[in-house]
Amino acid sequence: MKKKKNETIIRYRKPVHINIGIIVFAFVLIYFLIYLINFLTDKHISIYEVQKGQIMKTTYYTGLVLRSENVTYSDTSGNINYYKKESDKAGHSDLICSIDRDGSISQEITAAGLDGTALSKEELSGIQGIINDYTASQSDIQFYNVYSFKENVNANVQENLYQSALNQLTEQTDSAISNNTFSFVRASDDGILAFYTDGYEDVTPDSFTADMYNPSSYIKNNLKSNLAVSSGQALYKTITDENWYILIPLNAEQVQQYQQEMDDGSDSFIINVIFKKDNCRSYATASLKNYDGQDFIQLNLNSSMIRYISDRYLEVELGSADHEGLKIPNSAVTSKDFLLIPEDYISQGDNSSSRGVLKVDPDKKGDNSVEFVSTDIYYTDSETGFCYVNAADIQPGDQIQKPDSSDRYEVSETGTKEGVYNMNKGYAVFRIIEPITSNEEYTIIQTGTRYGLALYDRIALDGSAVSEGEFAN
């Protein structure tokens, strides 16, 4: 048997092949993870683009309404029936009501007013029109209009039924009139009808006193609720003038606010009025009055009087005239501290367009050298003559020298200004603003200011979260 020779087995190793695609994918994945981590951990500055706009500053009040109201009184006693409703227009000699001394005719008219089947097609068509008008304008937000609608429909039904019954009782009424037991009351003046009294009928803006304004104790006497009247008792009143007034008490701050609305030499201004009862908007001529030491604003109106003829006190929203300018969100507004330097100490750098100050630096030997330090100027106050400069460029206690003079000034005074951070260059630069007016969300600022903002500037939406020089991400 032959002896086997020793055999050496060498394992074959495959060459390593580098997959470029995997390497590229790994680099992209690492880059994406680094970017995602930076995105999640870095602070992001939201940007707002400055736009031109306007806002209206509004305040809510309760005002006392005054009108030209003429009250008509009864010259006899008896049961009463009305043939007109509140806010109806009455012409001279239009029938308003009837008074029955023995009550027999009045009882028949009242009974007829309970029978809706007696309405004619024309009368039903008119009532249908009232319902359609209400349905078209109905709003869930203004639910209180349901009660006004109900009263209006009831008044129309009653007016039609009473008038129809009266026409059927012509023979009886003629006989009663001849016997002086029945009488008609007709309008003596043209005007708008109201069927309540409250003691303010003879009050005018000239005769008004501060103690007359008392909404909490106001009492209204509904004349139509009376089934009978006595001689000398009020029957109705007629408003003969479309001009009417609203008086509203003001505090000292509100007086100052409205004084700013007046032009020089004027004692009145135009103001926007929104009536909270139905959100109707109107304009009024406003003036400031003082009654017995209490300040009031008087609103003079010449429209919409008939809409509120049943109201003595009205809740209104007053808005000053629309202010137009650059509109920015209030969240962008912040404040910054500055050093104040006299304007005549500001100098121009050699061969440079930059502005700054000549800072005095003492050396070890006690000699002083003057060095130009460039500094940002944020605002110049024309009244005080001071420039607002960045506190990081110069420190309190530093001495500066006036250009072309040996006069020196020690920096010490500081000031604070409101502004926003401008992000046009990709980093935050503080810009001082000059507010005109503001509301809960926005501020209107002056346009064309020297160191301020311009239309379409990009600013930080949250000014309190940004610092000077911070880059936008």
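Reader: In which loop is Asp404 found?
Author: Asp404 is found in a loop between two strands, β26 (399-401) and β27 (408-410). Strands (E, at least two residues) and helices (H or I, at least four residues) are DSSP runs, numbered from the N terminus. The place asked for is the loop between β26 and β27.

Reader: What kind of model is this?
Author: Residues are numbered from 1 along each chain as its sequence is written, and side-chain values use heavy atoms, with hydrogens and water left out. Local features need pLDDT of at least 70, side-chain atom pairs count only at pLDDT 80 or more, and totals for chains, interfaces and linings use all residues, since the model is predicted.

Reader: Is Asp404 buried or exposed?
Author: A residue is buried under 20% relative accessible area, exposed over 50%, and partly exposed in between (1.4 Å probe, protein chains only). Asp404 has a relative accessible area of 86%, so it counts as exposed.

Reader: What is the phi of Asp292, in the loop between β16 and β17?
Author: Asp292 is not a glycine, although its phi is positive. At 61% relative accessibility, Asp292 is exposed. Its phi is about 55 degrees.

Reader: In what order do the four strands of the open sheet stand?
Author: Two strands pair if DSSP finds at least two bridges between them. In this open sheet the pairing is antiparallel, and the order is β8-β7-β5-β12.

Reader: Why is one side of β8 and of β12 left without a neighbour in the sheet?
Author: β8 (182-186) and β12 (228-229) have a single partner strand each.

Reader: Which residue of β7 stands opposite Tyr82?
Author: Strand β5 (residues 78-82) and strand β7 (residues 95-100) run antiparallel, joined by four bridges. Opposite Tyr82 stands Cys97.

Reader: Which residue of β13 stands opposite Leu193?
Author: β9 pairs in the antiparallel sense with strand β13 (residues 234-239) over three bridges. β9 is also joined by two bridges to strand β6 (residues 89-90), where Lys89 stands opposite Ile192. The residue opposite Leu193 is Thr238.

Reader: Which residues does Gln254 touch?
Author: Gln254 lies in helix α6 and counts as buried, at 17% relative accessibility. Contact means heavy atoms within 4.5 Å. Not counting residues up to four places away in sequence, Gln254 touches Thr59, Tyr61 and Pro249.

Reader: How far apart are the closest N and O atoms of Asp198 and Arg312?
Author: Asp198 and Arg312 form a salt bridge, defined as a side-chain nitrogen of Lys or Arg within 4 Å of a carboxyl oxygen of Asp or Glu. The closest N and O atoms are 2.7 Å apart.

Reader: How many residues apart are Asp198 and Arg312?
Author: Asp198 is in the loop between β10 (196-197) and β11 (221-222), and Arg312 is in the loop between β17 and β18. Both residues are buried.

Reader: Where in the chain is Glu468, the partner of Lys336 in a salt bridge?
Author: The side chains of Lys336 and Glu468 meet at 3.7 Å, N to O. Lys336 is in strand β20 (residues 334-342), 132 residues apart from Glu468. Lys336 is buried at 12% relative accessible area, whereas Glu468 is partly exposed at 28%. Glu468 is in the segment after β32 (458-460).

Reader: How much accessible area does the nonpolar patch with Val24 have?
Author: Patches are made of residues with over 30% relative accessible area and no salt bridge, where like charges are joined within 9 Å and nonpolar side chains (Val, Leu, Ile, Met, Phe, Trp, Tyr) within 5 Å. Areas come from the Shrake-Rupley method with a 1.4 Å probe, and for residues only the protein chains shown count as cover. Val24, in helix α1 (residues 20-41), is partly exposed at 46%. Together, Ile20, Ile23, Val24, Phe27 and Val28 have about 490 Å².
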